[in-house]
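Notebook open, structure loaded. I'm jotting down what I looked up, one entry per topic.

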Amino acid sequence: MENLPVEVIGNILSFLGAARDVVLASATCRKWRNAFREHLQVLSFNSNDWAAYRDLTTSQLEILITQTIFQTTGLKSLYIMMDNVDEFSASTVTAWLMYTREMLRQLFYNVCTNINMNILEICGRQKLEMLLLAHNSITGVEPTFQRFPCLTSLSLNSVTISALDLSLLLTACPKIESLELVNPIIAMSDAQVIVELSSSSLKSLYIEVVSLDKFIIEAESIERLHLKDCSFDVFELIGKGTLKHFIIDEGSMIHLELSETVENLEVVDISNFAIMWKNFYQMISKSLKLRSLRLWDVIFDDEDEMVDIETIAVCFPQLTHLSLSYDLGDGILDYGLPGSSHLENVLVLELGWTIISDLFTHWVDGLLKRSPNLQKLVIHGFVSDTNSLEECQTLANFTSSIVELMREYIHVQVQFEYV
């Protein structure tokens, strides 16, 4: 240990991250203290890392954080995540950020202050590459003066911001590649809440717990779109065919438009979401490069609708992973399975149910016959904690029928996953 270069010791301390651990480790000897002062790059103050943070008064916390930060000279990543902690003095927090901002590349900031602080004003025009803000307010964005020339990743969690300021903030980040919006409080003066964003560099967009009348994003380089637990009357993505991953996890949408963006789609994952199969299929039908299609616990607007396997087999020839789970109606064998086209390249097939019935076994059999090169079958199911004797017998009969069925497909690995 004595022969370790001081720069290496600095990297070791940076790997620890948590302020308490870093301070304790740096007390080993003078060399480690020097590494802490001159070569520490990552420092984290997180109220979840150490329970004692919550036992300290706000003044004691401010002194502790101030003394620790001001001993360093080259921080590149600073985490100040203080959940359930009383308000800090705005002047003290400003001092932390002013002291570190010239070297900082990453800032994770969740601090409540007695006066609302303009984080953009303090950290703008610097070399920041990643910024996460939580439980704060952003107002009066000035893209000319509050510019982030190096920022590639922006995450806003429970941040209050107007639709206009959000649009301007994105404009102030000319190199942004990743944007996360989690439960933002969108301030609007009009009755209708509309957000319109535009970015030529954005590649990944994640939106969670957002409810708006209209959301329009123009992103010519976007590759990944993930919507989780969102509610939109209208959601529109305007792109240039670069989208590869499209994920919807829960929520509702009256109108979804992915204009000119689906030609290079490789992954489509829709779960706990209501769709109209015909409209949805028309939207993704040009995705000839689709490798993975997941429709899980989807609800069809038309009760007579169901996934057309023949259409999937013909339109998505490169599909290797197919996952389906939805209520099986009486017409599944007549409408969902007929056809002669095979799922030639499907290697993994995942099938699930919400209510077990004999139809499921027939459905599995039909899909196996259409998948000549299948390597793995995963059966997902729901098992109630309070099963009646009849339900237990139904499950046992189902399992036996699947085992019997798979004797015809001994080359296929079978996996059962019950929750």
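Predicted model: local features only at pLDDT ≥ 70, side-chain atom pairs only at ≥ 80, totals over all residues.

**Phe 280**

I started with Phe 280, which counts as buried at 5% relative accessibility. My cut-offs here: buried is under 20% relative accessible area, exposed is over 50%, and partly exposed is in between, with a 1.4 Å probe and protein chains only. Phe 280 sits in helix H8, residues 277–284.

What does Phe 280 touch, leaving aside its neighbours within four places in sequence? I get Val 268, Ile 270, Ile 275 and Leu 295, a contact being heavy atoms within 4.5 Å. I also checked Glu 257, 23 residues from Phe 280 along the chain, and the two C-alpha atoms are 9.8 Å apart.

**Ground rules**

Residues are numbered from 1 along each chain as its sequence is written, and side-chain values use heavy atoms, with hydrogens and water left out.

**Whole chain**

I counted 12 helices and 22 strands in the protein chain. The C-alpha trace spans about 75 × 55 × 40 Å along its principal axes. Of the 419 residues, 47% are buried. For contacts with a separation of 6 or more, 59% come from residues 24 or more positions apart. The accessible surface is about 20,200 Å², and carbon and sulfur atoms hold 50% of that; the areas are Shrake-Rupley with a 1.4 Å probe, and for residues only the protein chains shown count as cover.

**Helix H11**

Next I looked at H11, residues 358–369. The helix has 12 residues and runs 17 Å from its first C-alpha to its last, close to the 16 Å expected at 1.5 Å a residue. The expected span is 1.5 Å times one less than the number of residues.

How many of the 12 residues in H11 are buried? I find 9, so I'm writing H11 down as mostly covered. Among them are Phe 360, Trp 363, Asp 365 and Gly 366.

**Aromatic pairs**

I get 10 aromatic pairs in the structure. The rule takes rings of Phe, Tyr and Trp (its six-membered ring) with centres within 6.5 Å; planes under 30 degrees apart are stacked, over 60 edge-to-face, and the rest tilted. Phe 70 and Tyr 99 make a stacked pair, 4.4 Å centre to centre with 10° between the planes. Phe 70 is in the loop between helix H4 (58–69) and strand E2 (77–81), and Tyr 99 is in helix H5 (residues 90–100), so this pair ties together parts 29 residues apart in sequence. Phe 70 is partly exposed at 38%, and Tyr 99 is partly exposed at 36%. Elsewhere, Phe 215, Phe 232 and Phe 235 form one aromatic cluster.

**Cysteines**

I searched the whole structure for disulfides and got 0; the test is a pair of cysteine sulfur atoms within 2.5 Å. Cys 112 is partly exposed at 34%, whereas Cys 123 is buried at 3%.

**Salt bridges**

The count comes to 9 salt bridges, meaning a side-chain nitrogen of Lys or Arg within 4 Å of a carboxyl oxygen of Asp or Glu.

- Lys 240 bridges to Glu 220, closest N and O 3.7 Å apart. Lys 240 is in the loop between strands E13 (224–238) and E14 (245–259) and Glu 220 in the loop between strand E12 (211–219) and E13, so the pair ties parts 20 residues apart in sequence. Lys 240 is exposed at 63%, Glu 220 partly exposed at 36%.
- Lys 228 and Asp 249 meet at 3.2 Å, N to O. The pair links strand E13 to strand E14, 21 residues apart. Lys 228 is partly exposed at 24%, Asp 249 buried at 18%.
- Arg 370 bridges to Glu 310, closest N and O 2.9 Å apart. Arg 370 is in the loop between H11 and strand E21 (376–381) and Glu 310 in helix H9 (residues 309–315), 60 residues apart. Arg 370 is buried at 6%, Glu 310 partly exposed at 21%.

Key
Helix = DSSP H or I, 4+ residues; strand = E, 2+ residues; numbered from the N terminus.
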